[in-house]
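Hi,

Here is the structure I said I would send over. Have a look at it first, and then read on for what I found.

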Amino acid sequence: MSLMSVRDLSIRFRTDEGLVTAVEDLSFDIAPGEVLGLVGESGSGKSVTAKALMRLNADNAVYGPASQIRLTTEAGVTDVLALKRERDMEQVRGGAVSMIFQEPMASFAPAITVGEQMVEQLLIHTRMSKAQAKAHAIDMLDRVGIPAPDKRFDQFAFEFSGGMRQRAMIAMALSTSPNLLIADEPTTALDVTIQAQVIDLMKDLVAEFGMGILFITHDLGVIAQTADRVAVMYLGRIVETGSVRQVIRDPRHLYTRGLIEALPKLDDLDAALTPIPGDIPSPLNRPSGCVFHTRCGIARAGHCDREVPPSRDFGEGHAVACHYAEAPAATRREGAGA
Amino acid sequence: MSQDPLIAARDLTVSYPLGRGLLGSRSKLNAVDGVSISIQRGQFFGLVGESGSGKTTLGRALLKAAPISAGTIAYRDGERSFDLTSLKGADLKDYRKRAQLIFQDPYAALSPRMTVRDIIAEPLEVMSLTKSRAETDERVREIAAKCRLNLEHLRRFPHAFSGGQRQRISIARALVSGPRFVVADESVAALDVSIQADVLNLLKQIQADMGIGFLFISHDLSVVAHVCDAVAVMYLGQIVEVAPTRSLFARPRHPYTSALFSAIPALDPDAPKTAEKLEGEIPSPANPPAGCKFHTRCRFAQDACKTSVPALREVAPGHRAACHFAADFDFSRPAASARSPR
């Protein structure tokens, strides 16, 4: 059973320069207890997708007519895009779905203590009394590994170090026992040592609470260590999806391959760093056909620039949106150079 | 060590006052604490460490942009030599031309109201390095081409450019005065991996072409491993290990360096998990631990580490580490934790 089911999601933004497409025909599922990694460069539409799951996009967002976001919990099925009243959306935001952000400092109000914010959220989303909420908040701070949680409860976010703040943010997001946690680049602003601690913590919490996680990051290494499945986004489309092993070991889309080859590798210091050729096109100037054809080494004129490649399944849920995804990418790359 | 480094710091300390304590005693924070470092001409020198380790402050001190509380910094590029502790007036102006900084955030570093041409030309005009507008334009075009900027881009404003192009503009501006020494402070940290690869390749090529000495500050060990000739690792204001890149990555001699390696997420989902995860966070530099500053987080720490400060001493050719047990233990990472898809 799917916890979060997204079908044919298209999001455009009304701007002075016309409608700008941010996300196009996106479909994916997240099961309870599953971690789905969403990878892509800046501008690929990762954050817009995540915000859509909680209807947090700005008012100028236009959802396509076929778009569907369905959340299935013990309370029933919610059609997220059909929610109209603020009161109904509150059931989703911070209730069934919680979000943690890249910059924890920006998510805590500077003039209210961390404890007060945690209690406020619990009073809105649960039936706890104030005293129960406080006890629960302190318990959550303790569980994410914050020393002296009862003292920390009365402190302000600026009194926390970066790693502590991110832990407190996770504690706050999980305190309402959400069914789905959206983590938008939760470790990007952290040092590697702290990042490793936060990754371990998140894994433990998935095992303990059994919620689904949408993990957004641009770091494939972080994905490899946290996610069960991964979806690679480029210019608002999922170009490749599958289990982490399938996608990282046998990338079939040249974009996925390019992301992996651009990474500096510690076991081969002499390997050249290979950037993906060209620049990401402006969203105002979206390529026709396959969105990646302007930077792709094997694109064929008259085909790739005209026809949008459908997502095809290569077995066990490994799906690739490329007209020429048959051979393993490594051999196709050599062919492209000739 | 070779005899004639481009820039050499000796026992450098940068401290900031922390206000007055009881009885009017003044406490201070040593952001950089007795660091000795030397960078050769044309060397790509990496500096890594967690936030709060003093990397940026050290970089700024070498540019004479942070107060030098103790120690010396000597600069020698073959044409001019300066003692940075007493540098002022015309000499300081000359040093500004020879030592430049590339910033981290290409969005914040470029004025939105200036054209790309004016942004790149500004250092030349401010320092009066060119005599005519035609000469300025010539210099701007030359460096723009080196940084792979399209000449017709020069008339546009920065908002029209992507992160990678903006970083190339920042690099062009830093290089237009013909510096011999450049500090690049987290210059690729804000970029996507593909653009990061492009900018790193560009920096490396320019550095080789122009023979610039680079101090490359980064928190990303895998990036440093790829571009730098030598690397220094900083912790709480001190250098705990410094070595040629290969030697450092083949066998780290300080447990902190080793822990940094094992914290890098492996690209292989089945990579064996190392039990080396560093616990806790970097202590406050206002109240650093006694003895070896790393002992509070070190899994090899003994009683001696709590009281006696380890000296930075040579453990292999050109490889120095500040650990009492640098010669006794093998802290090196398991081979499989390296970042590799297969």
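Let's start with where the two chains meet. On the chain B side, 46 residues are in contact with 44 residues of chain A. Keep in mind that this is a predicted model. Together the two chains bury about 4,000 Å² between them, and 55% of that is on carbon and sulfur atoms.

Which parts of chain B make up the side that touches chain A? Helix 5 (163-175), helix 6 (193-210), helix 7 (221-227), helix 8 (245-250) and helix 9 (255-263) of chain B each supply at least two residues. Helix 6 of chain B gives the largest share, with eight residues. By type, the chain B residues on that side split into 19 nonpolar, twelve polar and 15 charged.

Now for the fold of chain A. Chain A has an open sheet of eight strands with mixed pairing, in the order 7-8-9-3-10-11-13-12. The edges are strand 7 (97-100) and strand 12 (312-313) of chain A, each of which pairs on one side only. Further in, strand 3 (residues 35-39) and strand 9 (residues 212-217) of chain A run parallel and are joined by five bridges. To find that pairing quickly, go to Leu36(A), whose bridge partner in strand 9 of chain A is Leu214(A).

Two helices of chain A lie across parts of this sheet. Helix 8 (residues 192-209) of chain A lies across strand 3, strand 7, strand 8 and strand 9 of chain A, at about 160° to strand 9.

One last item on salt bridges: a search of the whole structure gives 35 of them over all chains. Among them is the one between the side chains of Arg76(B) and Asp4(B), at 3.2 Å, N to O. That pair links distant parts of the chain, 72 residues apart: Arg76(B) sits in strand 4 (residues 70-76) of chain B, and Asp4(B) in the segment before strand 1 (7-20) of chain B.

Cheers

Terms used
Residues numbered from 1 in each chain as written. Chains lettered and ligands numbered in written order. Predicted model: local features only at pLDDT ≥ 70, side-chain atom pairs only at ≥ 80, totals over all residues. Heavy atoms only, no water. Pairing = 2+ DSSP bridges. Helix = DSSP H or I, 4+ residues; strand = E, 2+ residues; numbered from the N terminus. Contact = heavy atoms within 4.5 Å. Axes fitted to C-alpha atoms, helices over the stretch in contact; angles between N-to-C directions. Buried area = accessible area lost by both parts, 1.4 Å probe. Nonpolar A, V, L, I, M, F, W, Y, C, P; charged D, E, K, R; others polar. Salt bridge = Lys/Arg side-chain N within 4 Å of Asp/Glu carboxyl O.
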